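Hi there,

Here is the structure I promised to pass on to you.

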Amino acid sequence: MLHRRSAPLALTLTVLLAACGEDHKSTDATTHAGTHGGGGTADTTTSTTGEGSSPTTTAAAPPAAPTDLAGDILEGGVHLTWKDASDNEDNFIIENRADGDADFSLVIELPFDSVTYHDTDVMSGKSYVYRVKAVNAAGEAVSDEVTVTLP
């Protein structure tokens, strides 16, 4: 009598969840993209157990908001600094609005781990309100606002 062995249960585990952390504060986009599964996409954990099982995916959390946003007048522009409070952002978005404007406008998008920007597209005698957003595929978090008045 011939006995056939049934196939063993399939187990597939894919882990793409990673965080930069303090040991990965660089501007090397290639390294960052490799760490984050290509950057711009949600970090996920996928698990499949047994035959016919459906994979389950858990999305990463949005980044923490930047902190300690400060703005100074420097060399004819507004120099912004902030603390990077997250370890999973893909980029930062700087926005501003001139005093009296209702809506914020995009100033620039900066790479992950950025903590400073110098805005020279400003006019003398005007006040500007700035904010910084940390962004990843799971969402965004917005800093407090800072107002800078140019002489």
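Below is what was found in it.

This is a predicted model, in which local features need pLDDT of at least 70 and side-chain atom pairs count only at pLDDT 80 or more, while totals for chains, interfaces and linings use all residues. Residues are numbered from 1 along each chain as its sequence is written, and side-chain values use heavy atoms, with hydrogens and water left out.

Let's start inside. The largest nonpolar core has 17 residues; such a core is a set of buried Ala, Val, Leu, Ile, Met, Phe, Trp, Tyr and Cys residues joined through side-chain atoms within 4.5 Å. Buried means under 20% relative accessible area, exposed over 50%, and partly exposed in between (1.4 Å probe, protein chains only). Val-78, Leu-80, Trp-82, Ile-94 and Tyr-130 have the most contacts inside this core. Strands E5 (77-83), E6 (91-98), E9 (127-136) and E11 (146-149) each supply at least two of its residues, and E9 gives the most, with 4. (Strands, E, are DSSP runs of at least two residues, numbered from the N terminus.)

Now for Asp-144, in the loop between strand E10 (139-142) and E11. Is Asp-144 buried or exposed? Asp-144 counts as exposed because its relative accessibility is 65%. Leaving aside neighbours within four places in sequence, Asp-144 is in contact (heavy atoms within 4.5 Å) with Leu-69, Tyr-130 and Arg-131. Asp-144 and Tyr-130 are 14 residues apart in sequence, with their C-alpha atoms 8.6 Å apart in space.

Enjoy exploring!
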